[in-house]
Amino acid sequence: MATKQTKKSAPKAKKVAAKTAAKYGYFDDAKKEYVLTTPATPIKWCNYVGTLNFGGIVDTTGGTLVCKGDPALNRITKYIAQMPCSDFKASTVYIRVKNAKGYTVFSPFVVPTLTKMKKWECHVGLSYMRWIAECEGLRTQVTIFVPTGSNTLLQDIQVTNISGAAKEVDIIPVYEFSHFEAEKQLTNADWVPQTMTLKGHWEKDGHVVLEQYAYMKRDFAVNYVTANCKVGSFDGDRRVFLGANEMGSWAAPLSLANKELSNSECDRGDNIAALMIHAGKIAANKTFRTCTQLGQEQSLKVASKAIAKYRDLKNVDKAFDELAKFWENYLSTIQVQTPDAAFNSMVNVHNPRQCHTTKNWSRYLSLYQLGYGTSRGIGYRDSSQDLMGVMSHMPEEALQLALNLLSVQRPEGNAMHQYAPLALEEDNGNEANAGDSREKKGVLDENGNPAYADWYGDDHLWIVLTVANYLKETGKMDLLKKEVPFYEAGKKRAQREKGSVLEHLKRSLNFTRTHLGKHNLPLLGFADWNDCMNLPLGAESSFNTGLYAKALLEMMDICEALGDTKSVEMYKGWYEDVKKAFNDSAWDGKWWVRWFDKQGNAYGTNKAKYGKIYCNSQSWSVISGIATGDRAKQGMDSLNKLLNTANGVKSSTPGYRGFDPNVGGISTYPPGAKENGGIFLHTNPWVMIAETILGRGDKAFQYYSQINPAAKNTKLDEFESEPYCYPQNILGDEHKQFGMGRNAWLSGTSSWTYQAATQFIIGVRASFKGLIVNPCIPSAWDGFKVTRKFRGATYEIEVKNPKHVCKGVAEMIVDGKKIDADVAPIFTKGVHKVVVTLG
Ligand code: GLC
């Protein structure tokens, strides 16, 4: 069914693609690809392959950043993101064609030879990249991907002779290695090069395996590069390959003037893996195909199985098909057909795909968040939210990560801000840290007490939403009994206090309940969602208030599902308390204030010069239901008036105009950038959700569309960022470069926009009682269709909108029977028809 639907919607989407056939590329919805037609993107664009277990980034000109398990502690290739687009970055392929005088060399990625191509396309696919290039009478197709569950990056290279006459061709793939400790590679030019080792192992039949390691890893983890076919020669030493003591360049390596490479190993220095593959004379219209492997295992012996497997090209094809099947199945969880092609494109393909990426890499590894050192890692707040974006598709994988997060929650109930995945495995009591709050450690207040919190006021609350999400999606209530340790620094896991998952959630809420400020509102801690506002301890946060109230609502749902009415009553009491405190203190007249500092001064008030109004206090007071009476709408209307722009809602206005030590981080940015009055996209889906709660579907959809990257494909000279994924931020209208997107891929925008689109605009969401269908759509829509898998069954939903309203379920019919509410029952198997009429 899902396939059929995709096919049906394809012609529509194609029409849009053709119409907007833009300067840089177009969406091919049938193939679920974005097809880039020029290498000269405004800034670097990329894609992800594999998972955090093995994989990383592939940019559109063939650079690859590969890691295994942890980008900071187990990096494989030396991709330096700050180098210009035209420079070699960790990998390329050279194609060499023999001519009368010698050789002509080009790279099908354009970089680093910078050859002008007759035709060039980069297909940004679901966990693969494919280039199609025509040059020198050859048509080259290169596909890079990681087979599901493997520790191998494959590069499938096919060269077809389209010149009409035979051509002698060589193929020279190259990788450059990094020290496994990524930061050391950049900061240490003594110890690092002394340890870097590359050896060549010839096999009897002419295959070669290049083995690479930093010396101390030799007996534990080795990297390798090999190909499915025989090679003529290799180089492992960069200096030898580039030639003339590196006066040869990546654009034109001198060694490529010789028939063979030098078989250089590398006992120290810059390790590369270059293979000389002689394709020989390729006759007209014939294709030569080879596939390279870059992998990591404990030893070459362990690797030999994978090496043998992927030397068989049939297995390469099989692995590629399996990857396609994985995505087909993954995406079939939710498929929509609405009248809006750009919405369909994002919701059916690119947004759920981005959610899968953020689930894997949190904020750890991108072209912006470079994965060096311990400054990042898996973020508590970020990953808790990311998991909600994959919960319908891969609840069990999501749960594994949620359990890791719960294991870095402190016994007091608050959480560590981040952890490093490999350190977590090491279990040495040192795996998690308190994030940027470490920078203020030791700063004392007037009484000699720590001036700043070493905890964040929101981290521990997010996980309540995440676990509730899992339970509603799967119905597996037993999870609540599972014992998980709390985090006690310095102690091994077995020695730490344990508690059930339910106990963890209770402590989360209890922590906030017992950390209130002057107005009885939740304390800010070191920061709330907004990392850039770090007020001294004692400050209160409207955002934390909304999040706490929402977490209480979720906890009430959980307790109700457990039949624990006493707890429902207790949490209801807590909810009413905080709702009252909020309404008593946080209303500024036309909108909600954002923070109070410890003296009780308000931030986000009309009286302020800068930062008069903030987006999040308006949206979260509606999402959590704590805004009473007209104030919910008034807050949202003020937001619309003062914060909305054609490119999205700004996080605040006006921006600070210079560094102010009292507010710190936010004022380090110029006005209009990031948290300082920029369009911080993560906050936008919350605005959409709030509008759907208010029943204003036209507004919600306007907020959706104005940040939809797919809809910006014709405005890329302004937007600059990849049109197939959400960036973290767009510069606001106080900035000269208004409309420019930055920090693509790893942003909470992905999970929340997906939730906003599927659960609130489309309105299909899991609950303990069944599948809720309660949309809030543009009034112009006649209706839409959606297929949703839920607890083993498939729901084929049709929503009709004869009266052209935004919201309101007039009738729900499930398998021919009328249902009293807007909840379709839990079926556990089969295909079920749901027809909803709005009115
Ligand atoms: C970044 C951080 C996220 C934070 C946001 C706003 O996206 O990863 O944790 O909430 O900035 O400051």
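Colleague: Quick one on Ser667. Which backbone nitrogen lies 2.9 Å from a polar atom of the serine 667 side chain?
Modeller: That of aspartate 660. A polar contact here is a pair of N or O atoms within 3.5 Å; within protein, one must be able to donate a hydrogen and the other to accept it, and residues adjacent in sequence count only if both atoms are side-chain atoms.

Colleague: What sort of model is this?
Modeller: It's a predicted model: local features need pLDDT of at least 70 and side-chain atom pairs pLDDT 80 or more, while totals for chains, interfaces and linings use all residues. Numbering starts from 1 along each chain as its sequence is written, and side-chain values use heavy atoms, leaving out hydrogens and water.

Colleague: Back to serine 667. Buried or exposed?
Modeller: Buried, because its relative accessible area is 4%. Buried means under 20%, exposed over 50%, partly exposed in between (1.4 Å probe, protein chains only).

Colleague: And where does serine 667 lie?
Modeller: In the loop between strand E31 (652-653) and strand E32 (679-680). Strands (E, at least two residues) and helices (H or I, at least four) are DSSP runs, numbered from the N terminus. Proline 654 is found in that loop between E31 and E32 too. Threonine 653 and proline 654 are joined by a cis peptide bond, with omega about -15°.

Colleague: On phi, what is the value for alanine 90?
Modeller: Positive, about 75°, although alanine 90 is not a glycine. Alanine 90 counts as buried because its relative accessibility is 0%. Its loop runs between strand E5 (64-67) and strand E6 (91-98).

Colleague: And asparagine 285: buried or exposed?
Modeller: Exposed, because its relative accessibility is 64%. Asparagine 285 also has a positive phi, about 65°. Look for asparagine 285 in the loop between strand E17 (271-282) and strand E18 (287-297).

Colleague: New topic, the ligand. Which residues are around it?
Modeller: Arg363, Arg376, Arg381, Asp382, Trp529, Asn530, Asp531, Glu675, Phe680 and Gln728. Each has a heavy atom within 4 Å of the ligand. By class, that shell has six charged, two polar and two nonpolar residues.

Colleague: How far is a polar side-chain atom of arginine 381 from a ligand oxygen?
Modeller: 2.9 Å. A polar backbone atom of aspartate 531 is also 2.9 Å from an oxygen atom of the ligand. For glutamine 728, a polar side-chain atom lies 3.3 Å from a ligand oxygen. The protein covers 95% of the 310 Å² of accessible area that the ligand has on its own (Shrake-Rupley, 1.4 Å probe).

Colleague: Sheets next. How many residues of strand E14 are buried?
Modeller: Seven of its seven, residues 208-214. Val208, Leu210, Gln212 and Ala214 point one way, and Val209, Glu211 and Tyr213 the other way.

Colleague: In what sense does E13 pair with E14?
Modeller: Antiparallel, over seven bridges, with E13 at residues 196-202. Two strands pair if DSSP finds at least two bridges between them. Histidine 201 has valine 209 as its bridge partner in E14. E13 and E14 form a hairpin with five residues between them, and glycine 206 in the turn has a positive phi of about 95°.

Colleague: How many bridges between E14 and E15?
Modeller: Four, antiparallel, with E15 at residues 222-227. Leucine 210 stands opposite valine 225 in E15.

Colleague: What's the strand order in the six-strand open sheet?
Modeller: E19-E37-E38-E42-E39-E40, with mixed pairing. Strand E19 (334-337) and strand E40 (817-819) are the edges, each pairing on one side only. E19 and strand E37 (residues 783-790) are antiparallel over four bridges. Valine 336 has valine 786 as its bridge partner in E37.

Colleague: Last one. How many residues of helix H15 are buried?
Modeller: Nine of the nine, residues 615-623, so H15 is largely enclosed by the rest of the structure. Among them are Cys615, Trp620 and Ile623. Glycine 625 follows H15, with a positive phi near 75°.

Note on methods. Nonpolar A, V, L, I, M, F, W, Y, C, P; charged D, E, K, R; others polar.
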